[in-house]
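Please keep the sequence and the model in view while reading.

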Amino acid sequence: MIAVQDVHKWFGLLHVLKGIDLEIAQGEVLVLIGASGSGKSTLLRCINGLEKIQHGKIVVDEMDIHKSRTNLNKVRQEIGIVFQSFNLFPHMTVMKNITIGPTKVKRISPQESKEIAVQLLKRIGIPEKADFYPDQLSGGQQQRVAIARALAMKPKVMLFDEPTSALDPEMISEVLDLMRELASEKMTMVVVTHEMGFAREAANRIAFMADGQIAEIAPAEEFFKNPKDERTRRFIEKVLAV
Amino acid sequence: MIRFEKRSKSYLFAHYLWIVFRVLVAGAVLFGAIYLVFLGLGSNYTFHWEEAIQFLPFFNQGLLVTLQIAILGAILAVFLGIAVALLRLSPWGVVRDLAGAYVHTFRNLPFLVVLLLFFFGLGKAIKILPFEFLGQTYRPQFIWGVLALGVYESSYLGETFRAGIESVHKAQVEAARSLGMKYFQVLRYVVLPQAFRVILPPLTGTLIALIKESSLLYLISVQELTEAARQLAIPSRPYFFEFYTILACYYLAMVVPLSLLSNWLESRLGISRASKKVKDHG
Amino acid sequence: MAEMRVLGSSRLMKLALRALILVVLLALIIFGLYYLLSQSYPFRWNLAFNPKNLDAFNEGLLVTLQVSGLAMIGGALLGLLVALARLSPFAILRDMGMLYVQMLRNIPFLVFILFMYFGVSKVFSAGPTVPVPLLDIEIDSRIFWGVIALSLFEASFISEIFRAGIQAVHKTQIEAARSLGMSYVQSMQHVVLPQAFRMIIPPLTGELIALVKESALLMVISLEELTLTARQLVQQTPLNFEFYAILAAYYLAITLPLSFVSHLLERKLAIGKAR
């Protein structure tokens, strides 16, 4: 579904991605972990073209993301992304936030998109908040709306960029539950997170990034039981000790 | 792979060269387009650049007067502006309000109206005699013009200075007062040096505005730059377009360097304060 | 609630007292200056306040308001275009926008109006009126070129206001819009501009004040707005001080309320994003 081949990226003089190779199958859940600044968020943003790459190739669903002939707007309809800071549109109601994509981008009729949105709101458990504005919701609710907004486009792939890092601890589980549900429905997902519990349960494979490279990639079980890379071992010791 | 290692200092230098090139191309396209519009709409106009350029010495005389007006006006505006700012920050409410009335009155009037009111209004009641200084005669028009300019711009500078002084944290004043400093000592040694960096960029901006406003002095027949162009543009020399283009270039030559300086100061003074960021490995 | 009202009324009393003291003091100062001046200049207000003169002023006011209003609309439309050019993904558009803004910001409006009316209009060989295509009417060429010059000039300032407003909308909002597959134009239209709007309104009011003040310079192309009216009246009867003081009062009557509104809007729109 997603193929990343020898991807390099620079920010000015800073070499942030140093030759990433990655294959993600349809229906697979891949969790990216690593210290902050290791390049995992950047990699995620490259996958839907929010950041440009200077070398290599990223193919999603047989479309080459960084080829100039590719219609990025078209590709992005297939790739949903959920940000750390929600990034809901503050001047629109929850309903409008969810329907704006289907109506304006996919040109689905307003009634039909509204039905989709009502379904999604029911699913994320806050049907009564449809006419609220984002800043009237809790952080957990906002993030669930952001997930619904992405799902409303019926994407083939969902990317999550530290979706729970900006949340109060008591709200993390409501978001993670929703993500687990998605995973069990065989949605292809790439998740950057620090939630090791989620990684262990929901991930098919876990990739550990360090210094702009993938240091280790392994099925979840094996990754935690006997990590091969020295840096991975130290990282796991640190996060599991807390 | 090797091709990417070239993202080095020399790469950045090439990048800046590229930006300069880009701006030049954009300028060529923009002016080319404007010129084509002229050709398309006003085909019977012939340009007389060669004749117009012969009058440059005349422009230069005007430039000299404009510079004098700007410098004198700026000095006056700075002193009045400091006074207004101090009054606006005074502990007495009434004084603050009076200074506020001064600022709001002048800020909300066109400079032209202030100039007319000063020269034709006050000038009728208060007589100023022409005087000679360094071999040049200064007429009352010049004096009233500089006065009007200084007073008008002081209403803007007063607000700039006030914002600068207010940007210095209260705790700094308290710390200085706790050392036993007096009001003016606190200003002089603690507040003003820190306020300076906030004040400098808008101060350059006001100087720019002052140069631009000074063009209005031709209306009270001060022999400055704009008046020079006006005197040249008479029916027997019908190349008005050329004269006024030259005039615009003179102002651009004075103001654009100041404008760049203002931008540079802003980024420079901003950087030294805010972004001593620790470099993070991406 | 009751507590707040009590607090509010005592604050109101204090404010009223302060305003009263201010008015009295200002009156004293103005009267003092007036007295000093009247020693050497005979004031003749009763002549100046002749209804015929005030009618002339009112006509001038109408022209000033018309020209300012038209120029504000023109300047805002053009300013939006320039701002979008300066923020566009194409370097050449960005650079052209930058050149436009820098050129016009850095010359005096007086020079620009002289250039436009006596320079450019001559290139177009304009008569006393300018025909408007489609509408089939002729416009006084002084009004036409005055409005054009003011619009072009103000567009350079207004575009900077728009640009700042658009840039104040956080970059993540554009990312969120683009990641839904919206095009550049769609994300501007649905996400960025509606949010930028509230940040743009207060400085835009400020720019309207600047525009009204700038319109005074249109007297140099003998457009009969407020300032030229005053000058013509002075030439008929030499009541310099009186007429120019009335002129100043007219301008303050336009700009002070605008200034107040701008201040109010700034406070009101600044309070959070909640409605």
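Are Phe57(C) and Tyr250(C) buried or exposed? Both Phe57(C) and Tyr250(C) are buried, where buried means under 20% relative accessible area, exposed over 50% and partly exposed in between, with a 1.4 Å probe and protein chains only.

## Basis of the model

This is a predicted model, in which local features need pLDDT of at least 70 and side-chain atom pairs count only at pLDDT 80 or more, whereas totals for chains, interfaces and linings use all residues. Residues are numbered from 1 along each chain as its sequence is written, chains are lettered from A and ligands numbered from 1 in the order in which they are written, and side-chain values use heavy atoms, with hydrogens and water left out.

## Aromatic pairs

Over all chains, a search of the whole structure finds 22 aromatic pairs, a pair being rings of Phe, Tyr or Trp (its six-membered ring) with centres within 6.5 Å, counted as stacked with planes under 30 degrees apart, as edge-to-face over 60 and as tilted for the rest. The ring centres of Phe57(C) and Tyr250(C) are 5.2 Å apart and their planes meet at 15 degrees, so this pair is stacked. Because Phe57(C) lies in helix H3 (residues 51–86) of chain C and Tyr250(C) in helix H10 (residues 240–270) of chain C, the pair ties together parts that are 193 residues apart in sequence; helices (H or I, at least four residues) and strands (E, at least two) are DSSP runs numbered from the N terminus.

Phe109(C) and Phe153(C) form a tilted pair, 5.0 Å centre to centre with 50 degrees between the planes. Phe109(C) counts as buried at 3% relative accessibility, and Phe153(C) counts as buried at 2%. In chain B, Phe55(B), Phe59(B), Phe243(B) and Tyr250(B) form one aromatic cluster.

## Strand S7 of chain A

Five of the five residues of strand S7 (residues 157–161) of chain A are buried, so the strand is largely enclosed by the rest of the structure. In a regular strand the side chains alternate between the two faces of the sheet. Both faces of S7(A) are covered, with Val157(A), Leu159(A) and Asp161(A) buried on one side and Met158(A) and Phe160(A) buried on the other.

Strand S6 (residues 79–82) of chain A runs parallel to S7(A) and is joined to it by four bridges, two strands being paired if DSSP finds at least two bridges between them. Ile81(A) stands opposite Leu159(A) in S7(A). Five bridges join S7(A) to the parallel strand S8 (residues 188–192) of chain A, where Thr188(A) is the bridge partner of Val157(A).
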